[in-house]
Amino acid sequence: VEILANDDNNSIRPPERNRKERLRLNFPPHGSSDQSPNLRLACQVQVYGDVQVTKKAGFWGQYKDLAESNDAKLYFGDLEYVLDDKSPRCENNNNKAVRN
């Protein structure tokens, strides 16, 4: 995904690609000379603020066109976050702790 911070870039951690990202994004279908510097591996970043996320078409987002818009689905409900020990916890309107 392509991630753009809407602030001073403190919203995305780590702010620069890590070693895993640099290696993976250097292999096909990525690695072209016109690749966006904002392209990140979603599994390697944490978002802590207001950002804009863009998914390009193609399984890996390798095409220039934007992917179709879809609503996010939580197939496993609250279990989606069982192994997520890094996302900040927050309270929803029902005073039930959930992850952002």
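The charged end of Arg13 sits over the ring of Tyr48, 4.1 Å from the ring centre. This term requires NZ of Lys or CZ of Arg within 6 Å of the ring centre and within 35 degrees of the ring normal. The model is predicted, so local features need pLDDT of at least 70 and side-chain atom pairs count only at pLDDT 80 or more, whereas totals for chains, interfaces and linings use all residues. Residues are numbered from 1 along each chain as its sequence is written, and side-chain values use heavy atoms, with hydrogens and water left out.

The protein chain has 1 helix and 6 strands. Helices (H or I, at least four residues) and strands (E, at least two) are DSSP runs, numbered from the N terminus. Along the sequence the pattern is β-β-α-β-β-β-β. Of the 100 residues, 16% count as buried. Buried means under 20% relative accessible area, exposed over 50%, and partly exposed in between (1.4 Å probe, protein chains only).

Ser11 lies in the loop between strand S1 (2-5) and strand S2 (12-13). Ser11 is buried, with a relative accessible area of 1%. Leaving aside residues up to four places away in sequence, Ser11 touches Ala5, Gln46, Val47, Tyr48, Gly49, Asp50 and Val51. Contact means heavy atoms within 4.5 Å. Among contacts in the protein chain between residues at least 6 apart in sequence, 50% join residues at least 24 apart.

Two salt bridges are present, each defined as a side-chain nitrogen of Lys or Arg within 4 Å of a carboxyl oxygen of Asp or Glu. Glu2 pairs with Lys56, the closest N and O atoms being 3.9 Å apart. Glu2 lies in strand S1 and Lys56 in the loop between strand S4 (51-54) and strand S5 (89-91), so this bridge ties together parts 54 residues apart in sequence. Glu2 is buried at 16% relative accessibility, while Lys56 is partly exposed at 23%.

Glu21 and Arg40 form a salt bridge at 2.8 Å, N to O. Glu21 belongs to helix H1 (residues 19-24) and Arg40 to the loop between H1 and strand S3 (46-47), so the pair links parts 19 residues apart in sequence. Glu21 is buried at 0% relative accessibility. Arg40 is buried at 6%.

The structure holds 1 aromatic pair. The rings of Phe59 and Trp60 have centres 5.2 Å apart and planes at 85°, so the pair is edge-to-face. Rings of Phe, Tyr and Trp (its six-membered ring) pair if their centres lie within 6.5 Å; planes under 30 degrees apart count as stacked, over 60 as edge-to-face and the rest as tilted. Phe59 is exposed at 71% relative accessibility. Trp60 is partly exposed at 47%.
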